[in-house]
Amino acid sequence: MGPLTDDGFRFLVLGPMQVLRNGAELRICASRELAILASLVLNAGRAVSVDRLIETVWTESAPSSARRQIAICVSRLRRVLGAGVIETSSPGYLIRPAPDSIDWLRFQSLVARSRSEAAGKNREQAVRLLREALALWRGNPFEDIRGLRYDVARMEESRLEAAEACLELEIELGHHHEVVPELLALVAEHPFRERVRAQLMLAQYRAGRRADALRTYQETRRYLRDQIGLEPGPALRHLHERILRDEAGLMRQPAHRAGIVVPSQLPPRVLPFVGRGEELAALDAVLRPDPDAALPGTTVLSGPAGIGKTALALRWAHDRADWFPDGHLFADLAETEPAAVLGRFLRALGVPRADIPADRDEKVALFRSWTARRRMVVVFDRAQDAAQVLPLLPGGANCRVIVTSTDPLDELVARQGAHREFVRPLAAEAARELAGLLLTGPAGAQAVTDLLAHSCGNPLRLRMGAARIRSRAMSVTTGSG
């Protein structure tokens, strides 16, 4: 069955749940039916298992007849919605929405379009799209459905991130006077979100209310210490210090902001490249930018020197560059301190050199703030240990990281849940193919056979051996000439 393009359905979940058909509301009063329909709507286009529906309806106290009761509830929903709206699809049920028929999906689409507009420096249009997206919210979704509490938390986080992004763009556009009341309300509603408090401080300062900006910081510091015993984070402290110094940079409209500068630092692909189909497929599976999937975000490519870890990482990153429209960062960690890498990354992202703090922890905080809403890929080559990598990890859920190392980096796997791939020698067929591509012309079949025997499937040995053979062949040719 195709999408519900002709049935006039609208599913409103950004507030008290409503189901409309051709503008008329369909009454669904039973809490179990509402919970089941809500779960199907949130997973539109994907089958939701019966077990997941049982968990949604009863959380931890499902009766023995739960599966039969789910089937009864689905039957009742079908009578209300009409035949064909809810499909049976192993291991459960699904619905297929028409475009824009679910306000939550429309919200996500508008936010994604706003990011594209901001990346294209069209901030006014980005703000309009975000305002349209935020206007879809009518209240708190699924207040009485405990089984969807994690979905509700994810949705609320998306709303807050959109609000923060919108307010940040408006401050950049010079609307600091207009956004102060909205920021005050957002701080009161979500007092632990330091980014909102920083935006309020900056808007107040640019509006000529320096004393209010400093008072906001002191209130923030007092609240955090009283509630959780912590001081404000590095980014907020740094902004406070800049306000105290009346730094000129606070008043200017920066030419470069997060989401506008798109770094492309990947070195060229290593060519020729053969084999590694399984490894590339594994990287696709764990590094795809899917915000709804519980993916690790970081992958370690481990193996002996010369085995092809860097070539594999660069091949994948180049092939999947369009997955990461906000940038591609690269750093060789063999002889580089994390603080130096952070400085280079921040400059590449458009942070003015004067605004980059000297303290490493503050650099870490600033880097994570600037990457929090980006879709980026970062490649760290030749890492020595986990301590090098941990402070360099970006802050965004849609950022993906590849680390190459001769060390297994067990600590990174343990502490960050990183995925790990052990890169092995090339299979015999792939090694022979690479040797044939590297040795063309007068080298001969025996030279290829000898090279394969010596290299044992190690691509670097193959490349170095082939280079020496070509060099000797060139010398003989030149000498005979």
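Modeller: Accessible areas come from the Shrake-Rupley method with a 1.4 Å probe, and for residues only the protein chains shown count as cover. The accessible surface of the protein comes to about 23000 Å², and 51% of that belongs to carbon and sulfur atoms. This is a predicted model, in which local features need pLDDT of at least 70 and side-chain atom pairs count only at pLDDT 80 or more, while totals for chains, interfaces and linings use all residues. Residues are numbered from 1 along each chain as its sequence is written, and side-chain values use heavy atoms, with hydrogens and water left out.

Colleague: What makes Thr216 count as buried?

Modeller: Buried means under 20% relative accessible area, exposed means over 50%, and partly exposed lies in between (1.4 Å probe, protein chains only). Thr216 has 6% relative accessibility, so Thr216 counts as buried. Buried residues make up 49% of the 481 residues in the protein.

Colleague: Where is Thr216 placed, and which residues does Thr216 touch?

Modeller: Thr216 is in helix H9 (residues 210–228); helices (H or I, at least four residues) and strands (E, at least two) are DSSP runs, numbered from the N terminus. The protein has 19 helices and eleven strands. With residues up to four places away in sequence not counted, Thr216 touches Arg197, Leu200, Met201 and Gln204, where contact means heavy atoms within 4.5 Å.

Colleague: Why is His238 called buried?

Modeller: The relative accessibility of His238 is 16%, and His238 therefore counts as buried. His238 lies in helix H10 (residues 234–244). Apart from neighbours within four places in sequence, His238 is in contact with Asp355, Pro357 and Glu362.

Colleague: What makes Gln384 partly exposed?

Modeller: Gln384 has a relative accessible area of 45%, so Gln384 is partly exposed. Gln384 is found in the loop between strand S9 (377–381) and helix H15 (386–389). Neighbours within four places in sequence aside, Gln384 is in contact with Leu333, Ala334, Asp407 and Leu409. From C-alpha to C-alpha, Gln384 and Glu335 are 9.0 Å apart in space, although 49 residues apart in sequence.

Colleague: How many aromatic pairs does the structure hold?

Modeller: The structure holds eight aromatic pairs. Rings of Phe, Tyr and Trp (its six-membered ring) pair if their centres lie within 6.5 Å; planes under 30 degrees apart count as stacked, over 60 as edge-to-face and the rest as tilted.

Colleague: Why is the pair of Phe107 and Trp137 called edge-to-face?

Modeller: The ring centres of Phe107 and Trp137 are 5.7 Å apart and the planes stand at 85°, so the pair is edge-to-face. Phe107 belongs to helix H4 (residues 103–119) and Trp137 to the loop between helix H5 (123–134) and helix H6 (149–172), so that this pair links distant parts of the chain, 30 residues apart. Both Phe107 and Trp137 are buried.

Colleague: How do you know that the charged end of Arg159 sits over the ring of Trp137?

Modeller: A charge sits over a ring if NZ of Lys or CZ of Arg is within 6 Å of the ring centre and within 35 degrees of the ring normal. The charged end of Arg159 sits over the ring of Trp137, 5.8 Å from its centre. The charged end of Arg320 sits over the ring of Trp323, 5.0 Å from its centre.

Colleague: Is Trp323 buried, exposed or partly exposed, and what value decides this?

Modeller: Trp323 has a relative accessible area of 26%, so Trp323 is partly exposed.
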